[in-house]
Amino acid sequence: MILSFLFYAFLIYLAWKLVFNFIIPVYKTTKRVKKGFREMNERMRQQTEAYQQSTGTTQQAKSNHDTPGEYIDFEEVKD
């Protein structure tokens, strides 16, 4: 009787330690890392938009200049 009580008490103790020393910290850390990635992604998007607005460049304008078939011929100059 006492031995089974000690065994179950030990199992409850192990479950308690597992939850509060492993599962909850891992959950909190994962949540914090995801939040950091979202914030970093948002800052990069804002910087990209600000850069495009400051230079006046958009994806559509870039694609018009990179049409295939345009070739600029050059001559090599020898010294």
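How many residues apart are Arg45 and Glu42 in helix H1, and what separation is that in helical turns? Here is a friendly walk through the structure, with that question taken up first.

1. Arg45 and Glu42 are 3 residues apart in helix H1, so about one helical turn separates them. Please keep in mind that this is a predicted model. The two side chains form a salt bridge, and their closest N and O atoms lie 2.4 Å apart.

2. Arg45 has another partner in Glu49: these residues also form a salt bridge, with 2.5 Å between the closest N and O atoms. Because Glu49 and Arg45 are 4 residues apart in helix H1, about one helical turn lies between them. Through shared partners, the salt bridges join Glu42, Arg45 and Glu49 into one network. In total, the structure holds 2 salt bridges.

3. How accessible are the members of this network? Arg45 is partly exposed, as its relative accessible area is 38%. Glu42 has 32% relative accessibility, so it counts as partly exposed. Glu49, with a relative accessible area of 37%, is partly exposed too. The reasoning rests on a simple cut-off: partly exposed is the range between buried, under 20%, and exposed, over 50%.

4. Now for the nonpolar side of the story. A patch on the surface is formed by Trp16, Leu18, Val19, Phe20, Phe22, Ile23 and Val26. Together these residues have about 670 Å² of accessible area.

5. Is Trp16 buried or exposed? Its relative accessibility is 53%, and therefore Trp16 counts as exposed, since the cut-off for that class is over 50%.

6. Stepping back to the whole chain, the protein has 2 helices and 0 strands. Of its 79 residues, 0% are buried. The protein exposes about 8300 Å², and 63% of that area is supplied by carbon and sulfur atoms.

Note on methods:
Residues numbered from 1 in each chain as written. Predicted model: local features only at pLDDT ≥ 70, side-chain atom pairs only at ≥ 80, totals over all residues. Heavy atoms only, no water. Patch = residues over 30% accessible without salt bridge, like charges linked within 9 Å, V, L, I, M, F, W, Y side chains within 5 Å. Areas by Shrake-Rupley, 256 points an atom, 1.4 Å probe, with all protein chains shown as cover. Salt bridge = Lys/Arg side-chain N within 4 Å of Asp/Glu carboxyl O. Buried < 20%, exposed > 50% of the residue type's maximum accessible area, 1.4 Å probe, protein only.
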